[in-house]
Amino acid sequence: MMPSYAPMCAHYPLSSLSNSLHFFLRCIPTHPHPPTHTHPHTPTQCLNSPQKNRKRETMGVDLTGISKKSRVIRHHTYSTNPYIKLLIKLYKFLAKRTSSGFNKIVYQRLIKSRSNRAPISLSRIAVVMKRKAVFTAKSKKAPIAVVVGDVLDDVRMARIPAMRVCALRFSKSARQSIVAAGGECLTFDQLAMVAPTGKNTYLLRGRKSGRESVRHFGASGVPGSHSKPHATNRGKETKRGRRTGQSYKRKAFRHV
């Protein structure tokens with residue numbers, strides 16, 4: 001049975017029967033009842049029209065910085081030291097089982113490479129801990145200085161205050177100086193027994209830019225650069241590079 005709204009196609013004069021049939025088939029909706037929002041004198045639009053389902057064309061977007069190296073986050077260590085591997089296992093367990101942020105930071109620093117576990121001098125620890133002791137009450141114990149790295153001695157310091165220091169490694173002279181001053185040298189497994197959540201501790205780390213190789217970063221000899229040259233003859237390397245208002249300097253060619 002033909003729907004009641006089908007005769008409205010007769011209002012539109014068409015050239016032939018085939019065209020009228022094609023128009024009629026396009027006007028038939030997919031649902032049994034006609035849409036209520038259409039006007040009685042306008043033809044029903046086909047719901048399955050290809051123009052409806054056509055995707056909107058958009059212009060391409062330039063991805064800037066696609067060649068840059070993505071940020072690398074370490075999830076394991078490349079160290080072959082069995083003691084460091086055991087400490088990583090210990091602090092990974094403590095970071096999961098306790099809600100302390102101290103254990104998470106120690107675990108992340110244990111995974112880092114040696115260049116990111118920079119050493120720190122004993123004088124730097126003494127200055128920071130002396131400043132920290134001013135704000136602590138006399139009845140409380142002084143906090144433990146925690147360094148995920150090496151602790152080295154400083155011969156410029158004649159007197160060192162008594163302090164407790166936890167580190168991965170102590171140099172021989174640094175250990176002697178701490179013990180002679182009445183302090184204590186702790187390892188990280190001892191620290192896990194004394195302060196499993198990191199209570200009454202103070203995290204420190206050395207300066208990463210203190211390495212000798214960092215001084216050579218950049219172009220030495222260029223105006224405004226303070227990088228250290230690799231050459232033994234400093235004059236040769238400081239003369240190279242681009243000058244202001246000139247191209248690259250070259251030696252004049254001389255015929256012998």
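Q: Is cysteine 166 buried or exposed in this predicted model?
A: This is a predicted model, in which local features need pLDDT of at least 70, side-chain atom pairs count only at pLDDT 80 or more, and totals for chains, interfaces and linings use all residues. Residues are numbered from 1 along each chain as its sequence is written, and side-chain values use heavy atoms, with hydrogens and water left out. The cut-offs are under 20% relative accessible area for buried, over 50% for exposed and partly exposed in between (1.4 Å probe, protein chains only). Because its relative accessibility is 0%, cysteine 166 counts as buried.

Q: How many disulfides are there?
A: A disulfide is a covalent bond between the sulfur atoms of two cysteines. Here the test is a pair of cysteine sulfur atoms within 2.5 Å. By this rule the count is zero.

Q: Which cysteine has the sulfur nearest to that of cysteine 166, and how far away is it?
A: Cysteine 166 is in no disulfide. The sulfur belongs to cysteine 185, and the distance is 9.9 Å.

Q: Which residues have the most contacts inside the largest nonpolar core?
A: A nonpolar core is a set of buried Ala, Val, Leu, Ile, Met, Phe, Trp, Tyr and Cys residues joined through side-chain atoms within 4.5 Å. The largest one has 19 residues. Those with the most contacts inside it are Tyr91, Val106, Leu110, Val146, Cys166, Phe188 and Leu191.

Q: Which elements each supply at least two residues of this core?
A: Helices (H or I, at least four residues) and strands (E, at least two) are DSSP runs, numbered from the N terminus. The core draws at least three residues from each of domain 1 (82-114) and domain 2 (119-203), with bounds from an automatic or database domain assignment. The elements asked for are α3 (82-97), α4 (101-111), β2 and α7 (188-194).

Q: Which residues does phenylalanine 188 touch, not counting those up to four places away in sequence?
A: Contact means heavy atoms within 4.5 Å. Phenylalanine 188 is one of the residues with the most contacts inside the largest core. It touches Leu87, Tyr91, Val106, Val146, Val147, Val148, Cys166, Ala167 and Leu168.

Q: Why is strand β2 largely enclosed by the rest of the structure?
A: Strand β2 spans residues 144-152. It is largely enclosed because the buried residues number seven of the nine.

Q: How many bridges join β2 to strand β3?
A: Two strands pair if DSSP finds at least two bridges between them. Strand β3 covers residues 164-170 and runs parallel to β2, with alanine 145 opposite valine 165. The number of bridges is five.

Q: How many bridges join β2 to β5?
A: These two strands also run parallel. Among their residues, isoleucine 144 has threonine 201 in β5 as its bridge partner. The bridges number four.

Q: Which residue in β2 is the bridge partner of serine 121?
A: Strand β1 (residues 120-121) pairs with β2 in the parallel sense, over two bridges. The partner of serine 121 is leucine 152.

Q: Which side chain makes a polar contact with the side chain of serine 227?
A: Serine 227 lies in the loop between β5 (201-204) and α8 (234-238), and counts as buried because its relative accessibility is 8%. A polar contact is a pair of N or O atoms within 3.5 Å; within protein, one must be able to donate a hydrogen and the other to accept it, and residues adjacent in sequence count only if both atoms are side-chain atoms. At 3.1 Å, the partner is serine 225.
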